[in-house]
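Morning, everyone. I will go through one structure today, contact by contact, and then stop.

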Amino acid sequence: MKLLSFFILVSAITTLAATSYSQQAKFNISFSNATVREVLQKIEDSSEFIFLYSEKSVDVNRKVDVNVTNQTIDVVLDQMFNGTKNYYQIKNRQIAILEKGSTEFPMMSNEREFEQQSHSVSGKVTDSTGAPLPGVSVAVKGTTNGTITDADGKYSLAKVAENAILQFSFVGMKPQEILVSGKATISVTLVDETVGIEEVVAIGYGTVKKSDLTGSVVRIDMAGKEMSSSISIS
């Protein structure tokens, strides 16, 4: 079983007030066999950085090893993306990850404009009967910013741009995409996926269509992965 070890420490050096945040924040990071998505998510969770990218241009499932001590974000990103088709642009707390030769992302706004244009979005997800849906995945499309709904079907997301798209998905339900358009509250109702009129047969550990159950059923046990991580911020 592959193990992922993760230790990250972020501290800000404030002796030079004129220095940008991207030069102030220092990282001690040790990642082994982690995906690009996992690394970017941990950096966002434990710092003020926001990553902007398209999954069409960035392979977020690529495995990487990252090891730095008391280094700035550009050193971390160099280890992640050197030798790939991607490069990055940093504007204080905003980091765009682009594909070489691509103009998919516009020029980034300055930090004050971005902070004015981003806000928190919250809401509630229910089913067609009005009952709350816990465990629904809510994500900002094209970013690592996401969460799941609580036991009451409620969610809250910070750092959401005014023109962002929220994606709502849940097993057995039709996914939905909602344009934020500056709204602070967005509640949605998810509807069941249409299964069709074919009979469904219970097989103990799941369900299959009766028409697909033409032979013996064999259960294959697979060992699950364990992942542990710890974060300290000072």
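**Notes on a predicted model**

Lys159 is partly exposed, with a relative accessible area of 38%. I start there for its backbone. This is a predicted model, and in it the phi of Lys159 is near 55°, a positive value in a residue other than glycine. Lys159 sits within strand 10.

Ser181 also goes on the backbone list. Its phi is near 55°, again a positive value in a residue that is not glycine. Ser181 belongs to the loop between strand 12 and strand 13, the latter being residues 188-189. With a relative accessible area of 47%, Ser181 is partly exposed.

Next, the sheet that strand 12 belongs to. Four strands make an open sheet in the order 9-8-11-12, and their pairing is antiparallel. Which strands stand at the edges? Strand 9 and strand 12 do; each has a single partner strand, so one side of each is left without a neighbour in the sheet. From one strand to the next, the twist averages 20°. As a reminder, strands of a sheet pair through backbone hydrogen bonds, either parallel or antiparallel.

Inside that sheet, strand 8 and strand 11 run antiparallel and are joined by four bridges, with strand 11 covering residues 165-169. If you want a place to look on the display, find Ala139, which stands opposite Gln167 in strand 11.

How many aromatic pairs does the structure hold? It holds two. In one of them, the ring centres of Phe27 and Phe49 are 6.2 Å apart and the planes are at 25°, so the pair is stacked; the cut-off for that word is under 30 degrees. Phe27 lies in strand 2, residues 25-35, and Phe49 in the loop between helix 2 and strand 3, so the pair ties together parts that are 22 residues apart in sequence.

Tyr155 lies in strand 10, residues 154-161, and Phe168 in strand 11, so parts that are 13 residues apart in sequence are tied together. Both Tyr155 and Phe168 are buried.

Now the charged residues. The structure holds four salt bridges, and I will describe some of them.

Arg37 and Glu55 meet through their side chains in a salt bridge, at 3.2 Å from N to O. The pair links distant parts of the chain: Arg37 is in helix 2, residues 36-45, while Glu55 is in the loop between strand 3 (50-52) and strand 4 (63-71), 18 residues apart. Arg37 is partly exposed at 31%, and Glu55 is partly exposed at 42%.

Lys85 and Glu99 form a salt bridge as well, 3.8 Å from N to O. For Lys85 the relative accessible area is 42%, which is partly exposed. Glu99, at 26%, also counts as partly exposed.

Glu177 and Lys141 form a salt bridge in which the closest N and O atoms are 3.4 Å apart. This pair takes us back to the sheet elements: Glu177 is in strand 12, residues 176-179, and Lys141 is in the loop between strand 8 (137-140) and strand 9 (146-148), 36 residues apart. Glu177 is partly exposed at 45%, and Lys141 is partly exposed at 41%.

I will finish with Thr143, which lies in the loop between strand 8 and strand 9. Buried or exposed? Thr143 has a relative accessible area of 18%, and the cut-off for buried is under 20%, so Thr143 counts as buried. What does its side chain reach? The side chain of Thr143 reaches the backbone nitrogen of Asn145, at 3.0 Å. Leaving aside its neighbours within four places in sequence, Thr143 is in contact with Phe51 and Tyr53.

That is the end of my list.

Terms used. Residues numbered from 1 in each chain as written. Predicted model: local features only at pLDDT ≥ 70, side-chain atom pairs only at ≥ 80, totals over all residues. Heavy atoms only, no water. Helix = DSSP H or I, 4+ residues; strand = E, 2+ residues; numbered from the N terminus. Buried < 20%, exposed > 50% of the residue type's maximum accessible area, 1.4 Å probe, protein only. Pairing = 2+ DSSP bridges. Axes fitted to C-alpha atoms, helices over the stretch in contact; angles between N-to-C directions. Phe/Tyr/Trp six-rings, centres within 6.5 Å; stacked < 30°, edge-to-face > 60°. Polar contact = N/O pair within 3.5 Å; in protein donor to acceptor, adjacent residues only side chain to side chain. Contact = heavy atoms within 4.5 Å.
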